[in-house]
Amino acid sequence: MLLESSYEIAVYNLKEYFKSFPLWEKWIDRTIRESRQNQTYSIIIDKYSRKCLVYLAGVKKYDYHVELGKNWVGDKRLNGDKATPEGMYKVVRKFGSNRTKYHKALLIDYPNQTDREEFTREILMGTLPKTASIGSLIEIHGDGGRGIDWTEGCIALTNSEMDVVFKIAREGTSVTIVGSMLSLDQILN
């Protein structure tokens, strides 16, 4: 009985999470389309499959395994929740190995305007405490390869993979983070 109840709760939560899939699809399509149109690099993080996909001119060039925040299922809601955010972001700063505690790092613009609006809405609705803070300092960084989700909400690559991504990324490079690039039906079949 307890096992059946736990299974039902897990299935319900997974279905609820994947209700965002149509939005994720739009973000993915837009990111790849803009990469193709602008002949630029873009990065898509697929949290479910633990992938960092790097596109150039709309064509996938690299596919790396990532490690995420310990609480990766769902969007980042507040400071300290250990969740990796979901949304469309840009690289705002690059930190070489002598300027970060990790091998190298790309700081993204979390929280962006959309994140701040959602955070304010949740405070007003009472789904977050009035004392909550939104969080910041989300990066794609090195020192990954541990085989577990361990970050505070960042995306970790191995150092050699981070070297490649760091070299091609510029300030302004698109970073789109989605729950999954596949629908729940595609995953289950």
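Hi everyone, let's start with a lysine: the charged end of K94 sits over the ring of F166, 4.4 Å from the ring centre. There is another contact of this kind, with R146 lying over the face of W150 at 3.4 Å from the centre of the ring. Please keep in mind that this is a predicted model.

On to ring against ring. How many aromatic pairs does the structure hold? The count is nine. Take F18 and W24: their ring centres are 5.6 Å apart and their planes meet at 75°, so this pair is edge-to-face. Both F18 and W24 are buried.

Y48 and W72 also make an edge-to-face pair, at 6.4 Å centre to centre with 65° between the planes. I like where these two come from. Y48 is in the loop between β1 (41–46) and β2 (51–56), while W72 is in the loop between β3 (59–65) and β4 (87–95), so their pairing ties together parts 24 residues apart in sequence. If you step back, ring pairs link Y17, F18, F21, W24, Y48 and W72 into a cluster.

Now the cysteines. Searching the whole structure turns up zero disulfides. For C52, the nearest cysteine sulfur is that of C154, 13 Å away. A disulfide needs the two sulfur atoms within 2.5 Å, so at 13 Å C52 is in no disulfide. C154 is likewise in no disulfide, its nearest cysteine sulfur being that of C52. As for accessibility, C52 is buried with a relative accessible area of 0%, and C154 is buried with 8%.

Last, the backbone. Most residues other than glycine have a negative phi, and most peptide bonds are trans. Which residues does a cis peptide bond join here? They are Y110 and P111, with omega at about 0°. You will find P111 in the loop between β5 (105–108) and α3 (113–125).

Two residues other than glycine to look at for positive phi are K82, near 60°, and D143, near 70°. K82 belongs to the loop between β3 and β4, and at 26% relative accessibility K82 is partly exposed. D143 is in the loop between β6 (139–141) and β7 (155–156); with a relative accessible area of 25%, D143 is partly exposed as well.

Methods. Residues are numbered from 1 along each chain as its sequence is written. This is a predicted model: local features need pLDDT of at least 70, side-chain atom pairs count only at pLDDT 80 or more; totals for chains, interfaces and linings use all residues. Side-chain values use heavy atoms; hydrogens and water are left out. Buried means under 20% relative accessible area, exposed over 50%, partly exposed in between (1.4 Å probe, protein chains only). Rings of Phe, Tyr and Trp (its six-membered ring) pair if their centres lie within 6.5 Å; planes under 30 degrees apart count as stacked, over 60 as edge-to-face and the rest as tilted. Helices (H or I, at least four residues) and strands (E, at least two) are DSSP runs, numbered from the N terminus. A charge sits over a ring if NZ of Lys or CZ of Arg is within 6 Å of the ring centre and within 35 degrees of the ring normal.
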